[in-house]
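Have a look at the fold first, and then we'll go through what holds which parts together.

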Amino acid sequence: MIHAALYTAQTPTRGWGVFSYEDIEADTLIEISPVVVMTQDEKKLLDQTTLYNYIFDWQDDACCMALGLIPIYNHACPSNCEYFQDYEEGIIYIKTVKAIQAGDELFINYNGDFDNDKPVWFPVSE
């Protein structure tokens, strides 16, 4: 499930991003997407590729590639959305944590919680 108002577009400094055509209220579920889970050995191989920047850590030292728009959300801290992993169902879902205005870019915090200020592994551009 991907909220009907979401779309992708190029940003001036961050590559692709996810945006909204319309206002979305805080605490709205905007995406539920399945994941492809990979082993720790496969993760070591992915870490040597561009996909390293698009995979998510998963349980038991595995990783996953989320389908849908999830790999396209850019990082911000604090972010206006938050992602949650359901290991049993093999899905990631995204909810807004703040109200979104039409035209806004939607962000997740790559460290998990929307306000986790731990530095990420790349320089953050505004």
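Let's start inside. The largest nonpolar core counts 21 residues, and the ones with the most contacts inside it are Leu6, Ile30, Phe56, Tyr73, Ile92 and Ile94. At least two residues of this core come from each of strand E3 (29–38), strand E5 (63–66), E7, strand E8 (91–96) and E9. Keep in mind that this is a predicted model. As a rule, nonpolar side chains in soluble globular proteins tend to be buried together.

Which residues does phenylalanine 56 touch, leaving out those up to four places away in sequence? Its partners are Cys63, Cys64, Ala66, Ile70, Tyr83, Gln85, Ile92 and Ile108.

Zooming out, the protein chain has one helix and nine strands, and along the sequence they follow the pattern β-β-β-α-β-β-β-β-β-β. Of its 126 residues, 38% count as buried. The chain exposes about 7,200 Å², with carbon and sulfur atoms supplying 51% of that. Among contacts with a separation of 6 or more, 67% are between residues 24 or more positions apart.

Now for a sheet. Four strands line up in the order E1-E2-E9-E6, making an open sheet with mixed pairing. Strand E1 (6–11) and strand E6 (74–75) are at the edges with a single partner strand each, so one side of each has no neighbour in the sheet. E6 pairs with strand E9 (residues 105–108) in the parallel sense, over two bridges, and asparagine 74 stands opposite phenylalanine 107 in E9.

| Strand | Residues |
|---|---|
| E1 | 6–11 |
| E3 | 29–38 |
| E5 | 63–66 |
| E6 | 74–75 |
| E7 | 81–86 |
| E8 | 91–96 |
| E9 | 105–108 |

Asparagine 80 lies in the loop between E6 and strand E7. Is asparagine 80 buried or exposed? It counts as buried, because its relative accessibility is 12% and the cut-off for buried is under 20%. A polar atom of the asparagine 80 side chain lies 2.7 Å from the backbone nitrogen of phenylalanine 107. Not counting residues up to four places away in sequence, asparagine 80 touches Thr96, Val97, Lys98, Ile100, Glu105, Leu106 and Phe107.

Key. Residues numbered from 1 in each chain as written. Predicted model: local features only at pLDDT ≥ 70, side-chain atom pairs only at ≥ 80, totals over all residues. Heavy atoms only, no water. Pairing = 2+ DSSP bridges. Buried < 20%, exposed > 50% of the residue type's maximum accessible area, 1.4 Å probe, protein only. Polar contact = N/O pair within 3.5 Å; in protein donor to acceptor, adjacent residues only side chain to side chain. Contact = heavy atoms within 4.5 Å. Areas by Shrake-Rupley, 256 points an atom, 1.4 Å probe, with all protein chains shown as cover. Core = buried A, V, L, I, M, F, W, Y, C linked by side-chain atoms within 4.5 Å.
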